[in-house]
Amino acid sequence: MDYMILLSVVLPIIAGGILLFLPDSAFADRKRLLKVTGVSFVVSALLAVCVISGAAGNRLVLFRLVDEIPVYFQIDALGRLFAGIVVLVFVLAGFFSFAYMSHEQHEKRYYGFYLVTFGVLMGLCFSGNLVTLYLFYEFMTLASMPLVIHSGSREAVMADRKSVV
């Protein structure tokens, strides 16, 4: 069950990475992109719900920076609460974005980074110590940056610059 924690974090990141690195010709039809993205949302959310519902107290050490400072995931009550909120909000907002993004460009890039952000937020929810929390907080900043500047407008770029500084 401990590796299910890791899988719930890594799977959406991998799915988002695949979306980002596949050529645009693979999704010439918008319906294909939405099917792949929708399946990725549902599978990632179900995996996270399985971890939330059955992994209380589980701990998975990823690696150690030094002997005294491990980077690890641990499921606790507060992490389960936040993970449940993240799953609910991200899945509902993700499916809403199918209609909202229909008039936008670069949908594949948007959905790729959306899935990566979902995985990073799962890692943030399951952080076992402040070091892991800090690492995933910084990853969240980097992963969500393309979502902020997606439109490419001057206002979006300025908003991103303010959030990074």
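**Pocket, cavity and helices**

Modeller: Happy to. In the largest pocket, α2 and α4 each supply at least two residues of the lining. Bear in mind that this is a predicted model.

Colleague: Which element gives the largest share of that lining?

Modeller: That would be α4, with three residues of the lining of the largest pocket.

Colleague: And which residues line the largest pocket?

Modeller: The lining consists of Leu20, Asp24, Phe27, Ala28, Arg30, Leu33, His106, Glu107, Lys108 and Arg109.

Colleague: What volume does the largest pocket have?

Modeller: About 190 Å³.

Colleague: Okay, on to closed spaces. How many cavities of 30 Å³ or more does a search of the whole structure find?

Modeller: The search finds one. The volume of the largest cavity is about 40 Å³. Two or more residues of its lining come from each of α2, α3 (77–100) and α4.

Colleague: Which of the elements gives the most to the lining of the largest cavity?

Modeller: α4 again, with three residues. The residues around the largest cavity are Phe41, Ser44, Phe90, Val91, Tyr114, Leu115 and Phe118.

Colleague: Let me zoom out. How many helices and strands are there in the protein chain?

Modeller: The chain has six helices and two strands. Going along the sequence, their order is α-α-β-β-α-α-α-α.

Colleague: And what percentage of the residues is buried?

Modeller: Of the 165 residues in the protein chain, 41% are buried. As for contacts between residues at least 6 apart in sequence, 73% of them join residues at least 24 apart.

Colleague: Let's go helix by helix, then. What is the reach of α1 from its first C-alpha to its last?

Modeller: Helix α1 covers residues 2–21, so to speak 20 residues in all, and its reach is 29 Å, close to the 28 Å expected at 1.5 Å a residue.

Colleague: Where does the kink in α1 lie?

Modeller: At valine 10, with an angle of about 30°, shortly before proline 12. Proline 12 is also among the buried residues of α1, which include Ile5, Ser8, Val9 and Leu19 as well.

Colleague: What covers the buried residues of α1?

Modeller: The cover includes α2 (30–54), β2 (69–74), α4 (107–125) and α5 (130–148).

Colleague: I'd like a closer look at serine 8 in α1. Why does serine 8 count as buried?

Modeller: Serine 8 counts as buried because its relative accessibility is 0%, and the cut-off for that is under 20%. Its side chain reaches the backbone oxygen of isoleucine 5 at 2.7 Å. Leaving out residues up to four places away in sequence, serine 8 touches Leu47, Ala48, Val51, Met122 and Phe126.

Colleague: Switching to α3, where valine 87 has its place. Is valine 87 buried or exposed?

Modeller: Valine 87 is buried, with a relative accessible area of 8%.

Colleague: How many residues apart in sequence are valine 87 and valine 49?

Modeller: They are 38 residues apart in sequence, and the C-alpha to C-alpha distance in space is 7.8 Å.

Colleague: Last one: threonine 132. Which helix is threonine 132 found in?

Modeller: Threonine 132 is in helix α5. At 0% relative accessibility, threonine 132 is another buried residue. Its side chain and that of asparagine 129 are joined by a polar contact of 2.6 Å.

Colleague: And what does threonine 132 touch beyond residues up to four places away in sequence?

Modeller: Pro70, Val71, Tyr72, Phe73 and Ser127.

Colleague: Great, thanks for the tour!

Key:
Residues are numbered from 1 along each chain as its sequence is written. This is a predicted model: local features need pLDDT of at least 70, side-chain atom pairs count only at pLDDT 80 or more; totals for chains, interfaces and linings use all residues. Side-chain values use heavy atoms; hydrogens and water are left out. Helices (H or I, at least four residues) and strands (E, at least two) are DSSP runs, numbered from the N terminus. The expected span of a helix is 1.5 Å times one less than its number of residues. The bend at a residue is the angle between axes fitted to the seven residues ending there and the seven starting there. Buried means under 20% relative accessible area, exposed over 50%, partly exposed in between (1.4 Å probe, protein chains only). Contact means heavy atoms within 4.5 Å. A polar contact is a pair of N or O atoms within 3.5 Å; within protein, one must be able to donate a hydrogen and the other to accept it, and residues adjacent in sequence count only if both atoms are side-chain atoms. On a 1 Å grid over the protein atoms alone, a cavity is a set of points where a 1.4 Å probe fits but cannot get out, and a pocket is an open set with protein on both sides within 12 Å along at least five of seven lines; lining residues have an atom within 4 Å of a point. Grid points are joined across faces, edges and corners, and a volume is the space filled by probe spheres set on the points.
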